[in-house]
Amino acid sequence: VCVSRDLRLSVLLCFIFCLHILLTWIPILSWLPKYSFRENILGDVVSGCSVGIMHLPQGMAYALLASLGPVYGLYTSLFPVLVYVIFGTSRHVSIGTFAVISIMVGSVTERLAPDEAFYFNGTNGSLTVNIDARDAYRVQMACSVTLLSGIFQILLGVVRFGFVATYLSEPLVRGYTTGAACHVCVSQLKYLFGVKPARFTGPFSLIYTIVEICRLLPQTRVPELVVSLVALAVLIVVKEINACYSKKLPLPVPIELIVVIGATIIIHFCGVREDYLIDVVGEIPSGFKAPRTPDITFFSQLIGDAIAVAIVSYAITISLGKTFGLKYGYKVDSNQELIAVGLSNTIGSFFQCYAVTASLSRSLVQESTGGNTQIAGVVSSLLMLIMVIKIGSLFEDLPKAVLSTIVFVNLKGMFRQFMDVPLLWKTNKVDLLVWLVTFISTVLFNLDLGLALSVGFSMLTLIFKTQLPHYSILGNVPSTDLYLDTEAFRQVNEIPGIKIFRSSATICFTNAELFLEALQQRVGLDVRKLQMEKKKRAKQEKMAKKEVKKSLNKEKNLSMHKDVAIFLTNTSSNGFGHVNSAYQYDATTSEIDSGCHSENNLTPILYEDEKDGRTCMSVTHSIILDISTTGFVDTVTVKMLKNIFGDFADVDVDIYLAGCQVEQLEKAAFFESIPKTRLFVTVHDAVLHILRKLGQTDIIFVSDHNLDTAGILSFDSCGRRL
């Protein structure tokens, strides 16, 4: 009976564990049974229809950025969305085509499948591009890079590497998307002017393309330019109206869909295509093609591009998801989002979709029109399904120039990010430098290399922040237990005889030596010189004793003894001041708390500066190291702290630690040589301890800022502030 009971319990626990894993990996199983039709269905349906209407023009337009046929943009707006509904954790983001990811995929397809590779001799002997073969090969490239990027995302999500997006700071992401927007803009100029510039690859290709388009401006096709300008004007005006009256309009005017339908009708029924040879999207097949496995033989050529696509698509998705999650008070799991986007890309690649991410414009529409859950994504997918099966073929006469204007107008939000520059100039110069370096490297060195350079530079700034932290001496705010930087706050005063030193960064092997140098500089104690002076005084005293002993053996009278005493006094001072017996090293007290100095024993330590021969003075008897900013302790840090305790003990200055990592120090055997009586939770506790050792209950602050008044902080016999 006991065995069967234990077996049933084990089976139950195993079932609960498997159910937890299932609900974690497939979030729709946890929220769909709780879905409230009465509260959410109307908003989700309206939101899904609004987003679906946007998917149609944007899908076809962004497919051109990927150098693919418009129908593949429609596929990408359907299958990955359904996958994200099942595995995603954000309720408001709209997954699908996006300009930045599209241009990244387009750079891959154009590099590996250029027009030059598909030339053949035409009927009249001229070279002609085999468009069908080229487009089919580009689809294979796009699906392969999408599959590989999805695999990378899934693997990173499984090993819980969702935090990788935190290394892409907001200035980096915004600078990168702004630079990518420049690539998108330049890539669409050929449709706007109706010219066919040569294709450039590698660094500075954007500059070469702009120069080439400027050279071809005399060959501009006026009909396509007119179509572009008219469509651009209509889109800009209506989108501004939508923005101004967003609170009064129940739904934003679907101007993109209206322009697409209107342009298609005009071109088809007015015969403009035949008369003016306007470039249109061409054949859009109805229905779906059978799923097929992407060609994995291209993986070796696509690793770098796939990693870049995986990182950027995830970074955009998680940033939007976190934004909506904070706004509406629900959790967005970064690791699950990584898996969800990876599955969307992986499964979508089998249905001839290219890489997806969250779209800011569609996500804002989904949220503003009442979308509460990813049921809105299901509705938009059903709408796209109808369009692909029945309606897609009706847009074969849609001018490519109209699609390019849709891309231009949707770049407005990205180009607004240039306003980050004056804001960052006022707030944070380092973040401004990251933004500018990211933008410039993206524009000049293309998207993949630009991302690598920007991430490397961002890591470099982080290293420099660790290497060059801000070191400060803290003082007490009168009548409080607060200790702030004396250089930053005028009303803060140092406690006489006590130096409180703090570093703004974690102390580790990269900056341990710099920490020690800054400590001596800020405290005003050159430990090496003080140690040399102490050794020199000890040697002089030893020599003096020998001389006295030698003189006593030769001279036996009292007058000779007086002469020896005078000689001893002159030798012991010898230009270095009186011997400070209160600061002599005592081995019996060094192993315990030796911070007990009497008020009468605060005689300055004197030593001679070798540079100018001046005599330097120090009245510091205690130093408190505030290491609360140190998140971890390595072996180099432990060794450095031990050396600080030992070196300053040689010159009779007591060291105390405040806010330290006790557990890590214990594991590093730090307390084998340093007593725990030198450790305190806060700086104020350490200050009270030192004052009790000195027998003081009142602190009279001496201001370093020429203040007219002095603050007094009083304590009772137990160290409590009065």
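Helices, in what follows, are DSSP runs of H or I with at least four residues, and strands are DSSP runs of E with at least two, both numbered from the N terminus. What I am showing is a predicted model, in which local features need pLDDT of at least 70 and side-chain atom pairs count only at pLDDT 80 or more, while totals for chains, interfaces and linings use all residues. Residues are numbered from 1 along each chain as its sequence is written, and side-chain values use heavy atoms, with hydrogens and water left out.

Let me begin with the overall picture. The protein has 28 helices and 14 strands, and of its 722 residues 48% are buried, where buried means under 20% relative accessible area, exposed means over 50%, and partly exposed lies in between, with a 1.4 Å probe and protein chains only. Taking a contact as heavy atoms within 4.5 Å, residues 24 or more positions apart account for 78% of the contacts that have a separation of 6 or more. The protein exposes about 36200 Å², of which carbon and sulfur atoms supply 63%; these areas come from the Shrake-Rupley method with a 1.4 Å probe, and for residues only the protein chains shown count as cover.

I turn now to the helices. Helix α3 spans residues 37–65 and contains L56, a residue that is buried, with a relative accessible area of 1%. Leaving out residues up to four places away in sequence, L56 touches L74, L257, M384, M387 and F395, and the C-alpha atoms of L56 and L257 are 7.4 Å apart although 201 residues separate the two in sequence. In helix α17, residues 375–391, we find S380, which is buried at a relative accessible area of 2% and which, apart from neighbours within four places in sequence, is in contact with G48, V51, G52, H55 and V81. V81 in turn is one of the buried residues of helix α5, together with F79, P80, V83, Y84, V85 and F87, and α5, residues 79–87, is mostly covered, with 7 of its 9 residues buried.

L9, L12, L13, F15, I16, L19, L22, L23 and L29 form a nonpolar patch with about 810 Å² of accessible area together. Patches are made of residues with over 30% relative accessible area and no salt bridge, like charges being joined within 9 Å and nonpolar side chains (Val, Leu, Ile, Met, Phe, Trp, Tyr) within 5 Å. Helix α1, residues 2–25, gives the patch its largest share, 8 residues, and L9, which lies in α1, is partly exposed with a relative accessible area of 47%.

Next, the sheet. Six strands make an open sheet in the order β6-β5-β7-β10-β11-β12, with mixed pairing, two strands being paired if DSSP finds at least two bridges between them. At the edges stand β6 (483–485) and β12 (679–680), each with a single partner strand, so one side of each has no neighbour in the sheet. Within this sheet, strand β10, residues 622–626, has 5 of its 5 residues buried: S622, I624 and D626 point one way, and I623 and L625 the other. Strand β7, residues 498–503, pairs with β10 in the parallel sense over 5 bridges, and β10 also runs parallel to strand β11, residues 654–658, with 5 bridges joining them. In β11, I623 has I655 as its bridge partner and D626 has A658. β10, helix α26 (residues 635–650) and β11 make a right-handed β-α-β unit, right-handed meaning that, with the strands pointing away from the viewer, the path from the first strand over the helix to the second runs clockwise.

Which residue of β10 is the bridge partner of R502? The partner is D626, and R502 also forms a salt bridge with D626, the closest N and O atoms being 3.8 Å apart. Because R502 lies in β7 and D626 in β10, the pair ties together parts that are 124 residues apart in sequence. R502 is partly exposed at 26% relative accessibility, whereas D626 is buried at 9%. A salt bridge here is a side-chain nitrogen of Lys or Arg within 4 Å of a carboxyl oxygen of Asp or Glu, and by this rule the count comes to 16.

Another salt bridge joins the side chains of E240 and K412, at 2.3 Å from N to O; E240 is in helix α11 (residues 222–244) and K412 in helix α19 (residues 412–415), 172 residues apart. Finally, D115, R134, D135 and R138 are linked in a network of salt bridges.
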